[in-house]
Amino acid sequence: MKKNRLCRKTIEEIANLAKLKTPSEQFTEELIKIIKSFELIQNLDTKKIDSRGLSFIDIRQLRPDKPEHTDIDLPTLTPFIHKGFIVF
Amino acid sequence: MELTRLPFYQLHKLIIKKEISISELVGAVIKKVEEIDDTVNGYSFFYPEEALEQAGQLEKNVDDKIPPLFGIPIAIKDNIAIEGKPLTCGSRILKNFISPYSATVINRLKEQGAIILGKTNLDEFAMGSSSETSIFGPVRNPFNEKLVAGGSSGGSAAVVAYGGACASLGSDTGGSIRLPASFCGIVGLKPTYGLVSRYGLAAYASSLDTIGPLTRNTIDAGIMLQAIAGFDPNDSTSLTAHPKTILKSIKDCRIGIPEEYFPDDLNPEITDAINNVIEIFKPEIKELKKISLPGTGYALAGYYLIAPAEASSNLARYDGVRYGLRIADNNTYVKTRDEGFGTEVKRRIILGTFVLSRGYYEQYYNVAQQVRNVVGDEFKKAFNCVDVILTPVAPVKPFPIGTLVKDPLMMYHCDSFTVPASLAGLPALALPVKDGIGFQLIGPWFQEELLLSLGRFYEKSIGRI
């Protein structure tokens with residue numbers, strides 16, 4: 001993986017891309033410090049990891065083709081005591 | 001009997017029995033706000049006259065079949081849209097913006113007859129852990145005004161804690177419901193991602209944002225969740241699953257304690273408080289097991305790369321043309337954004353633009369997505385051998401206002417224990433222990449029922465109503 005050098009000029013260019021004014025020196029220094037602290041994630045062995053993100057959720061199982069009726073039976077929600085438990 | 005201290009499921013019973021009137025309840029809550037909120041600064045907008053008028057209208061329809069939220073005064077975080085009301089997100093850029101429509105959660109609460117008392121203060125665009133970056137000033141902890149209330153739903157937590165609302169809605173992207181709930185000594189529930197519609201929630205990081213309740217106890221949290229959850233065609237990530245909130249026995253429950261959430265340098269007060277909680281559960285459950293989630297160490301960095309990346313895209317819409325503030329200039333776009341956004345929001349926009357830019361995408365964003373996968377897979381494996389995971393909510397106690405706001409990296413560390421569940425989209429319930437320390441129960445997707453059952457067991461064990 002190519003490691004890009006992070007410097008003030010880079011942050012100035014990025015601020016321009018984000019449609020923000022050139023940040024102050026202190027702001028930039030803080031930001032570089034934050035980004036550098038996040039470099040630890042590059043220690044993660046990523047060779048065998050799926051990079052698509054959230055691939056472990058099978059969204060198809062959770063969504064039918066058309067919406068279900070979702071009204072809640074409200075009167076049944078009034079709490080009451082049942083076998084020592086408060087239920088509603 | 002102080003009405004503003006009771007959980008609303010008990011107030012509901014009193015309203016049905018006509019032992020109290022809705023106007024009486026709303027009046028008591030308004031009085032509390034007028035007494036305390038000048039100090040706490042929990043409300044950004046407060047609507048007492050409308051609330052009293054609505055109370056008078058609802059009074060006429062009280063019978064034994066009214067829904068549990070009927071006539072209950074609630075507060076809404078000011079990043080959730082209510083038609084005709086301001087939607088500022090605590091930002092100068094939206095200071096005069098009036099929402100043209102209501103969020104799905106608002107419509108659902110109104111259908112039940114809930115009374116919206118006002119909109120609550122928050123970190124600008126929900127980006128923060130202390131509720132100090134709002135244009136309306138910091139939210140103060142109701143138990144000690146020198147301390148923060150936690151964030152970003154600090155206003156929503158504080159007003160429930162001092163009795164300025166019977167419940168509230170907040171949003172949780174990386175811990176923004178759980179952290180302030182813990183700091184303010186109340187219950188906060190971050191639902192499974194997709195269970196509650198995000199339609200009408202001002203977007204921060206869309207793949208992580210959730211709306212959830214902040215309440216005085218777990219029963220109220222369950223009732224609120226039932227009211228707001230359910231499929232919504234207006235939200236493309238909304239799921240059809242129904243929340244189950246009927247409390248059940250915890251005798252067969254196996255609780256996992258992940259070692260990564262108890263580092264050697266964790267404040268001993270927090271360790272002791274959580275150990276006491278574990279001791280309460282121990283004799284009642286099937287098994288208590290030490291587990292390991294090694295990806296936790298990468299989760300914070302992963303979150304603070306993914307969330308700003310999404311934020312930089314979501315906040316590109318604030319351009320001085322379509323919404324709120326407009327600074328007329330020969331470079332209106334830049335000038336408006338520069339004057340409209342606060343320091344933390346700018347920091348996250350630049351950070352997000354950076355990690356998505358050519359040359360850095362693979363180095364940061366791509367790896368962060370892989371971290372997200374690792375964290376999710378580890379939880380999935382853990383839930384093969386335990387039913388619920390118990391952790392502290394935060395590695396810190398409520399801290400003095402102004403101490404961390406200038407040290408963003410330290411502020412980000414407050415979220416260390418809450419971001420893993422957010423990255424994996426899991427439900428998590430925060431419950432108070434003492435002095436702003438709380439514990440968190442994380443469950444598999446859609447297991448809010450189990451979290452609430454365990455939470456209720458804990459509340460009953462310590463004598464909390």
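## The sheet of chain B

In chain B, eleven strands make an open sheet with mixed pairing, in the order S1-S3-S2-S6-S8-S7-S12-S13-S11-S9-S10. Strands here are DSSP E runs of at least two residues, helices are H or I runs of at least four, and both are numbered from the N terminus; two strands pair if DSSP finds at least two bridges between them. Strand S1 (43-46) and strand S10 (287-291) of chain B stand at the edges with a single partner strand each, so one side of each has no neighbour in the sheet. On average, neighbouring strands of this sheet are turned by 25° against each other, direction ignored. (Axes are lines fitted to C-alpha atoms, for helices over the stretch in contact, and angles run from 0 to 180 degrees between N-to-C directions.)

Before going on, note that this is a predicted model: local features need pLDDT of at least 70, and side-chain atom pairs count only at pLDDT 80 or more, while totals for chains, interfaces and linings use all residues. Residues are numbered from 1 along each chain as its sequence is written, and chains are lettered from A and ligands numbered from 1 in the order in which they are written.

Now look inside the sheet. Strand S7 (residues 187-190) and strand S8 (residues 210-215) of chain B pair in the antiparallel sense over two bridges, and B:Gly188 stands opposite B:Leu214 in S8(B).

## A covered helix

Which strands does helix H5 (residues 154-162) of chain B lie across? They are S1, S2, S3, S6, S7 and S8 of chain B, and H5(B) runs at about 155° to S6(B).

H5(B) is mostly covered, with nine of its nine residues buried (20 or more other C-beta atoms, placed from the backbone, within 10 Å of a residue's own). Among them are B:Gly154, B:Ala158 and B:Tyr162. Just after H5(B), B:Gly163 takes a positive phi of about 95°.

## Two helices side by side

Helix H2 (residues 22-40) and helix H3 (residues 48-59) of chain B pack at an angle of about 165°, their axes 8 Å apart. H2(B) and H3(B) are therefore roughly antiparallel to each other (angles over 145 degrees count as such). Residues in the contact (C-beta atoms, placed from the backbone, within 7 Å) include B:Val26 and B:Ile30 of H2(B), and B:Leu52 and B:Ala55 of H3(B).

## Chain A

Chain A has three helices and two strands, running α-α-α-β-β from the N terminus on. Buried residues make up 14% of its 88 residues.

Note on methods: Two residues are in contact if their C-beta atoms, placed from the backbone, lie within 7 Å. A residue is buried if 20 or more other C-beta atoms lie within 10 Å of its own, exposed if 12 or fewer, and partly exposed in between; C-beta atoms are placed from the backbone. Angles under 35 degrees count as roughly parallel, over 145 as roughly antiparallel, 65 to 115 as roughly perpendicular and the rest as oblique.
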